[in-house]
Amino acid sequence: QLCWLHIARNDMVGARGHADAALRWAGRIEIEADRVENEAKLLVLSAMVLMAAEELGAALEALQSVLSRSEAMGSARLSLSALDNLAVTTAMLGHWDASIGWAVRMRDLAQSSGALPRLAHALHHLAVARQALGEHVEAIDLFRQVVAIAHANGDRRIEGPSLQNLGISMF
């Protein structure tokens, strides 16, 4: 919880310190399944701090580790979180093909697990990448899908940016 307070204050040094300390404590959990799950969750948090601090290479490493762990555990929720952040991080680097690859994996997992809010986010990542690549017809179709899903789920956090990007792609 303290890590989130530091993030909100834009104190990435403090946030990273708390994330690292939490990872050390999680390593002491004796029940292996609980330890692995908690470490994976904390690695996602750590990666988000690294992304905010623009340490994108380290964030990618942490997220790939989370993805490996979550797949081994069979945790769709953790896998979706890792894939979401991998798509964002590679987009931040301008690696659009990689971002599309992560977003496609996220879309497929979200569809197969019935996670509609995550499906909207995956489609948004795909649309943003297509827009960046100048593929506006594809981006428009994807943004329309995102808006419909997000509106039906009441997810205004993704509906708003998708509407804005839809307008940009249309003009």
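**View 1. The largest nonpolar core and a second core.** Val66, Leu67, Leu86, Trp102, Leu123 and Leu126 touch the most other members of the largest nonpolar core, which has 41 residues. At least two residues of this core come from each of H3, H4, H5, helix H6 (96–113), helix H7 (116–132), helix H8 (136–153) and helix H9 (156–170). A second, separate core has eight residues, among them Met12, Leu42, Leu45 and Val49. A nonpolar core is a set of buried Ala, Val, Leu, Ile, Met, Phe, Trp, Tyr and Cys residues joined through side-chain atoms within 4.5 Å. Buried means under 20% relative accessible area, exposed over 50%, and partly exposed in between (1.4 Å probe, protein chains only). Helices (H or I, at least four residues) and strands (E, at least two) are DSSP runs, numbered from the N terminus.

This is a predicted model, in which local features need pLDDT of at least 70 and side-chain atom pairs count only at pLDDT 80 or more, while totals for chains, interfaces and linings use all residues. Residues are numbered from 1 along each chain as its sequence is written, and side-chain values use heavy atoms, with hydrogens and water left out.

**View 2. Surroundings of Leu126.** Not counting residues up to four places away in sequence, Leu126 touches Ile100, Ala103, Val104, Arg107 and Leu142. Contact means heavy atoms within 4.5 Å.

**View 3. Helix H3 and its cover.** H3 (residues 32–52) has 21 residues. From first C-alpha to last, H3 reaches 30 Å, close to the 30 Å expected at 1.5 Å a residue; the expected span is 1.5 Å times one less than the number of residues. The buried residues of H3 include Glu39, Leu43, Ser46 and Met51. They are covered by parts that include helix H1 (2–8), helix H2 (12–26), helix H4 (56–73) and helix H5 (76–92).

**View 4. Leu42 in helix H3.** Leu42 lies in H3 and is buried, with a relative accessible area of 19%. Leaving aside neighbours within four places in sequence, Leu42 is in contact with Ala22, Leu23 and Ala26. Leu42 and Ile31 are 11 residues apart in sequence and 16 Å apart in space, C-alpha to C-alpha.

**View 5. Helix H5 against helix H7.** H5 and H7 pack at an angle of about 20°, with their axes 10 Å apart. Axes are lines fitted to C-alpha atoms, for helices over the stretch in contact, and angles run from 0 to 180 degrees between N-to-C directions. The angle makes H5 roughly parallel to H7, a term for angles under 35 degrees. On the H5 side the contact is made by Leu80, Ser81, Asp84, Ala87 and Val88, and on the H7 side by Arg118, His121 and His125.

**View 6. Asn85 in helix H5.** H5 is mostly covered, with 13 of its 17 residues buried. Asn85 is found in H5 and is buried, with a relative accessible area of 12%. Asn85 touches Val44, Met48, Met51 and Leu63, not counting residues up to four places away in sequence. Just after H5, Gly94 takes a positive phi of about 80°.

**View 7. Two loop residues with positive phi.** Most residues other than glycine have a negative phi. Asn10, in the loop between H1 and H2, has a positive phi of about 60° although it is not a glycine. Asn10 is exposed, with a relative accessible area of 61%. Glu54 is found in the loop between H3 and H4 and has a positive phi of about 60°. At 64% relative accessibility, Glu54 counts as exposed.

Technical notes
Parallel < 35°, antiparallel > 145°, perpendicular 65-115°, else oblique.
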